[in-house]
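Good morning, everyone. Please put the sequence and the model up on your screens. I'll walk you through a few spots.

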Amino acid sequence: MTNSIRCLTIAFCAVFFSGRGAAQIAPLIANINARQTTSLDGQWQAIVDPYDVGALDYRAQPLKNNHAFYKNYKPQSESELVEYDFDTSGQLNVPGDWNTQRETLLFYEGSIWYKRSFDYTKSPKNRLFLHFGACNYLSAVYLNGEELGEHEGGFTAFDFEITGRVRSSSNFLILRINNTRGREQVPTVNTDWWNYGGITRPVTLVEVPETFVQDYFIQLEKGSTHQIKGWVQLSGPKLQQNVTVRIPEAGLSKTIQTDSKGRSEFSFSADLTLWSPENPRLYSVQIASERDEITDRIGFRSIEVRGTDILLNGRPVFLRGITIHEEAPTRAGRAWSEDDARTLLSWAKELGCNFVRLAHYPHNESMLRVADQMGLMVWGEVPVYWTIQWENPQTLHNAENQLNEMIARDHNRAALIIYSVANETPISDARNHFLRQLIQEARSVDRTRLLSAALQAREVTDGKHITIHINDPIGSDLDVIGNNEYIGWYVRRPEDADSIDWISEFDKPLIMSEFGGDALFGYHGDPLTRWTEEYQENLYEHQILMLKRISFLRGMTPWILKDFRSPRRVLPRFQDYFNRKGLVSDHGEKKKAFFVLQKFYQELQSFHPPK
Ligand code: GCB
């Protein structure tokens with residue numbers, strides 16, 4: 001795309017997606033699947049609109065008349081000109097990225113309009129919400145020809161209330177999704193993953209009582225293994241009520257009073273079997289207000305750092321991890337289902353993992369729920385990746401919003417132990433300020449998780465010996481240092497790792513958050529030949545020798561579980577638009593390096609750092 005077209009596209013988006021006083025996004029409703037819901041998944045009508053003619057006129061001004069696609073207008077006579085028709089424009093599956101549903105959309109970046117109709121009779125007095133698991137990247141949402149609002153960010157859930165707008169029959173819901181990359185966005189234009197567009201996660205109608213339990217936070221207090229601390233938030237006209245929190249399997253029942261804002265904070269002691277990878281115990285937790293009752297499955301564990309140790313339930317733990325992109329394990333495209341999550345996380349278990357890094361953005365809720373059940377600790381991340389516009393307050397606001405949306409959805413998952421605020425971001429004052437704002441924001445909404453970021457260290461050499469110094473200033477603000485390194489792939493030879501030493505300026509645990517190299521499954525040769533399984537296998541062997549010598553290393557998440565699509569990877573035969581650093585191919589075949597890491601993780605299972 002030329003620069004001038006790019007600017008025009010950005011201008012189109014800016015005009016079209018500037019808030020126009022529509023309904024607000026509602027505070028996220030916790031635990032959708034435990035509510036009274038109706039799925040809107042399935043085949044939706046879809047209009048591919050690369051020039052945004054459904055939103056803007058030929059002077060690039062927002063359309064407000066029947067030419068605007070969200071009106072779903074039909075010609076009233078044979079002579080009337082209407083240049084769009086959802087009914088004859090084809091269909092796309094929801095949830096699903098559009099790129100892998102039609103060959104012509106593989107590289108598509110632009111707008112697609114989605115439409116589906118539904119009937120709905122809700123109980124009088126109840127309220128109705130529309131819940132979107134995620135749409136990438138900008139979404140404008142319309143119901144029955146009226147705008148509900150807009151959402152920015154491709155990987156987090158959002159809700160709209162439609163209580164006063166829904167009809168008993170023939171509702172039509174229309175979304176315009178635009179995945180055009182923009183410099184000011186989060187992520188920005190430059191990434192190493194596919195820009196999958198569309199309604200990529202489920203769409204659900206959620207019916208709740210007039211005053212209902214909108215959200216709750218029920219976790220162990222930081223540093224404690226027996227004190228539950230949390231809050232409940234009601235939404236609706238009767239905000240002051242009694243709310244009872246029960247954990248029947250632990251013999252607990254506590255009644256609290258919400259205040260005039262519908263909130264109550266509480267703290268009580270409990271004798272619980274703690275959640276851990278060895279015993280991922282989840283309790284049924286019931287939260288009951290006067291007219292609402294919701295049950296969640298929640299695990300309780302503590303996570304802390306002490307010096308260079310990470311303590312799970314007070315005991316040092318080594319994080320045997322792997323990174324994962326949100327791509328389907330056995331078909332092309334974005335992952336979204338519980339089955340996808342089970343397959344991906346089962347591969348991680350088979351490797352011997354107790355930890356996964358969900359890169360580089362918040363994954364779908366099933367990944368967190370299944371990780372809770374399987375006993376896999378999780379690193380969750382926002383797409384503050386590479387070169388964000390550090391000086392742009394809007395970009396910061398957007399990043400904070402995505403961070404808050406990630407935390408809001410997942411803050412009751414025991415598996416989730418680390419929030420990461422950035423990946424490989426170049427050091428500058430503006431970037432440090434930006435990341436510190438995110439760190440502060442995360443700590444203010446949830447003190448119980450550890451904060452990290454995937455940083456890059458500095459190589460120092462005296463001509464003979466190489467030492468890598470971890471000294472990124474943002475390290476002072478983090479609990480756990482993440483570090484990405486590609487010794488043996490982008491820099492040096494795999495065997496150079498054997499003699500490289502690491503030093504850290506921080507008395508903090510280190511997670512080697514990335515290392516690895518590409519291999520095409522089934523391509524064999526000697527260990528010096530790029531793209532062979534043997535090269536990757538050899539690289540892992542040397543990495544492990546080096547990692548074993550880092551005294552403050554407390555975890556690792558090699559890059560990456562499975563080959564994934566990336567427009568940066570253009571080399572025919574070996575890449576073909578795939579990043580091939582997976583230990584498993586895009587068809588699910590295990591490469592030789594998989595077994596090297598598996599063996600190391602077997603050894604580590606009996607290793608505990610000294611207390
Ligand atoms: C990195 C990035 C990751 C890339 C990977 C690679 O450092 O964090 O997103 O995909 O390297 O393969 O180059």
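Let's start with a word we need today: a residue is buried if its relative accessible area is under 20%. Keep in mind that this is a predicted model.

Now go to threonine 557. Is threonine 557 buried or exposed? Its relative accessibility is 0%, so threonine 557 counts as buried. You'll find it in the loop between strand 34 and strand 35. Which residues does threonine 557 touch, leaving aside those within four places in sequence? Gly321, Ile322 and Thr323 are in contact with it. Phe355 and Arg357 are among the contacts too. Then come Ile511, Met512, Ser513 and Glu514.

Look at serine 513 in particular. Serine 513 and threonine 557 are 44 residues apart along the chain, yet 4.8 Å separates their C-alpha atoms. There is also a polar contact here. A polar atom of the threonine 557 side chain lies 2.9 Å from the backbone oxygen of serine 513.

The peptide bond from tryptophan 559 to isoleucine 560 is cis, and omega is near 20 degrees. Isoleucine 560 sits in the loop between strand 34 (553-556) and strand 35 (564-565). Where is another cis bond? One joins valine 94 and proline 95, with omega at about 0 degrees. Proline 95 belongs to the loop between strand 4 (91-94) and strand 5 (111-118).

Tryptophan 559 takes us to the ligand. An N or O atom in the tryptophan 559 side chain is 3.2 Å from an oxygen atom of the ligand. For glutamate 514, that distance to a ligand oxygen is 2.7 Å. Tyrosine 486 has a polar side-chain atom 3.3 Å from a ligand oxygen. How much of the ligand's accessible area does the protein cover? On its own, the ligand has 320 Å², and the protein covers 97% of that. There are 14 residues around the ligand. Nearest are Asp192, His360, Tyr385, Glu424 and Tyr490.

Take glutamate 424 from that list. Its phi is positive, about 45 degrees, although it is not a glycine. It lies in the loop between strand 27 (416-423) and helix 5 (429-445). Its relative accessibility is 13%, so glutamate 424 counts as buried.

Asparagine 72 also has a positive phi, about 50 degrees, and it is not a glycine either. Find asparagine 72 in the loop between strand 3 (42-49) and strand 4. Asparagine 72 is at 15% relative accessibility, so it counts as buried.

One more asparagine. Asparagine 313 is in the loop between strand 22 (309-312) and strand 23 (315-316). Its relative accessible area is 17%, so it is buried. Beyond four places in sequence, its contacts include Thr225, Leu274 and Trp275. Ser276, Arg301 and Ser302 also touch asparagine 313.

Last stop: a sheet. Strands of a sheet pair through backbone hydrogen bonds. Here three strands form an open sheet, in the order 14-15-18, with antiparallel pairing. Which strands stand at the edges? Strand 14 (212-220) and strand 18 (263-269) do. Each has a single partner strand, so one side of each has no neighbour in the sheet. On average, neighbouring strands of this sheet are turned by 15 degrees against each other, direction ignored. Strand 14 pairs with strand 15 (residues 227-235) over eight bridges. To see where they face each other, find glutamine 219: it stands opposite lysine 229 in strand 15.

That's my tour. Thank you.

Conventions:
Residues are numbered from 1 along each chain as its sequence is written. This is a predicted model: local features need pLDDT of at least 70, side-chain atom pairs count only at pLDDT 80 or more; totals for chains, interfaces and linings use all residues. Side-chain values use heavy atoms; hydrogens and water are left out. Helices (H or I, at least four residues) and strands (E, at least two) are DSSP runs, numbered from the N terminus. Buried means under 20% relative accessible area, exposed over 50%, partly exposed in between (1.4 Å probe, protein chains only). Contact means heavy atoms within 4.5 Å. Two strands pair if DSSP finds at least two bridges between them. Axes are lines fitted to C-alpha atoms, for helices over the stretch in contact, and angles run from 0 to 180 degrees between N-to-C directions. A residue is near a molecule or strand if one of its heavy atoms lies within 4 Å of it. A polar contact is a pair of N or O atoms within 3.5 Å; within protein, one must be able to donate a hydrogen and the other to accept it, and residues adjacent in sequence count only if both atoms are side-chain atoms. Accessible areas come from the Shrake-Rupley method with a 1.4 Å probe; for residues, only the protein chains shown count as cover.
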